[in-house]
Amino acid sequence: LSLHDALPISAPCANAGPAYFSFTTITVISACSFWGQSMFTKTKAAIVTTLFLSLGAQADTILNVATAGDQNMVDYVKTWLGPKFEAAHPGVKVRVIGTGPGDAGSNKISEKLSAQQESGAQQWDIDVAVVHQKAGGEQVEKGLLQKYRQDIQTGGMVSSPSVTQALGVNVDGYVMPMFLSQTAIAWNSDLVNTPPASYDELVAWTQKHPQAFGYNGIKNGMSGVSFVVGWIYAYGTDAERLSSAPYDKSVEKGWQQAYEKLKAFNKNVTFTPGNAGTLDMLSRGEIAMGPVWVDMFYSWKDQGKLPPSIKLALLAPGMPGQPMYYVIPAKAANPQLARDFIALATSPEVQAQGIVKQFNWYPGIDAGQVKPKLDAATWQKLFAEISPEALAKYGKSFPIAPYFDDIKEGYESQVAN
């Protein structure tokens, strides 16, 4: 069975069962991982099973909220955000299901929406989705989404460029960031006095300290991919150009030298097994420095898996990160409840206590909106090493899809060979 089979066009149990069982069900389906590969197969069976189990006792109205995410994304809605929404909306129930990590999970949501668009259905099954930046742009281009940001009270609380542009696609009005995920350089202050401040300084440092820097290349995790993209921003073409349309192959003419420089750099590094592998080798002192996802870094620290000596820094001219988007499908059956759900999810209180404090993500709305709702210790932990100002200056977007594909292809053919 496919996800398309699992999500019904209409509620099979609508108007069935006793009257006392009348309430609205919000099903949250989750699909992304910034930390790992885009694999869907491990969660597919669980998704279908959970969907059919949940359909056994449905309510009068079903509101499907599809979110892209790893298990931590599912847990966030199931254990934290969902109960808050239910408490504020008597008669509404939130249910959470995952569609799988990475782009593959977001693509499953896109495929479902496209299928219903092609079928001519007047009401679509999914009312809210959380998807990757790339998928959000593609869904706007295909006419799969409706504008809503101007209709919610939190719509004006975000000024990030990602709220209007998604890798070259104009998404203004169609998206609200759930959170921002950022890569940075983790470094061991017991082994390094002062971390490099730029890619140039990092190259010089690795020449003096061979094999002390570690990353996973572009295999088994996006932290290494992010580092390679930042390398191209530093030595190939700047982030502003590669993050914006139109695609022009001629801008890549200087990349060969960048790849040659990276191949020489790689002779002085240690290759790690992936995102978690980089953090694990840092924790054991096997490497002194490497690129990581900031939220994963803080989660490991909270779990006691990293010593206090491991800190964070951003390299100039910048390293990429990306948001997850809340979107509403074009023919959502319950658009007002969908807007209410997103308004709550992007409120300063929820962003502070849920996104930042519980899950160590950077807030999707402006940090200044969130700070008054946080205790000083939590704010200090999240922004002590990478300030909001540094994040704004050195936190970059990933390139638009054609450039992104070319960067990875160039690495494989010119660096990894």
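Predicted model: local features only at pLDDT ≥ 70, side-chain atom pairs only at ≥ 80, totals over all residues.
Met289, Pro291 and Trp293 point one way from strand β10, Gly290 and Val292 point the other way, and all of them are buried.

**Strand β10 and its partner**

Strand β10 covers residues 289-293. Five of its five residues are buried, so the strand is largely enclosed by the rest of the structure. Its pairing with strand β7, residues 176-188, is antiparallel and is made by five bridges. Within this pairing, Thr183 stands opposite Trp293 of β10.

Strand β12 spans residues 319-327, and Val327 is part of it. How buried is Val327? Its relative accessible area is 0%, and because buried means under 20%, Val327 counts as buried. Leaving aside residues up to four places away in sequence, Val327 touches Asp127, Val128, Ala129, Val131, Gln139, Leu145, Tyr148, Tyr174, Val175 and Ile342. Val327 and Val65 are 262 residues apart in sequence, while their C-alpha atoms are 9.5 Å apart in space.

The loop between β11 (310-313) and β12 holds Pro317. The peptide bond that joins Ala316 and Pro317 is cis, with omega at about 5 degrees.

| Helix pair | Axes come within | Crossing angle |
|---|---|---|
| α7 (residues 222-235) and α9 (residues 255-266) | 9 Å | roughly 130 degrees |
| α4 (residues 102-119) and α5 (residues 133-141) | 9 Å | roughly 15 degrees |

The axes of α7 and α9 cross at roughly 130 degrees. That angle makes α7 oblique to α9. The crossing of α7 past α9 is right-handed.

For α4 and α5, the axes cross at roughly 15 degrees. This makes α4 roughly parallel to α5, because angles under 35 degrees count as roughly parallel. The crossing of α4 and α5 is right-handed. From α4, the residues Ser106, Asn107, Ile109, Ser110 and Leu113 meet Ala135, Glu138 and Gln139 of α5. The residues of this contact of α4 with α5 divide into three nonpolar, four polar and one charged. Gln139 of α5 is also one of the residues that Val327 touches.

**Positive phi in two loops**

Most residues other than glycine have a negative phi, and most peptide bonds are trans. Leu167 has a phi near 55 degrees, a positive value in a residue that is not glycine. Leu167 sits in the loop between β5 (165-166) and β6 (169-170). With a relative accessible area of 13%, Leu167 is buried.

Asn360 is likewise not a glycine, and its phi is positive, at about 60 degrees. Where does Asn360 lie? Its place is the loop between α13 (348-358) and β13 (362-363). Is Asn360 buried or exposed? Its relative accessibility is 3%, so Asn360 counts as buried.

Notes
Residues numbered from 1 in each chain as written. Heavy atoms only, no water. Axes fitted to C-alpha atoms, helices over the stretch in contact; angles between N-to-C directions. Helix = DSSP H or I, 4+ residues; strand = E, 2+ residues; numbered from the N terminus. Parallel < 35°, antiparallel > 145°, perpendicular 65-115°, else oblique. Left-handed = near helix turned anticlockwise from the far one by under 90°. Buried < 20%, exposed > 50% of the residue type's maximum accessible area, 1.4 Å probe, protein only. Pairing = 2+ DSSP bridges. Contact = heavy atoms within 4.5 Å. Nonpolar A, V, L, I, M, F, W, Y, C, P; charged D, E, K, R; others polar.
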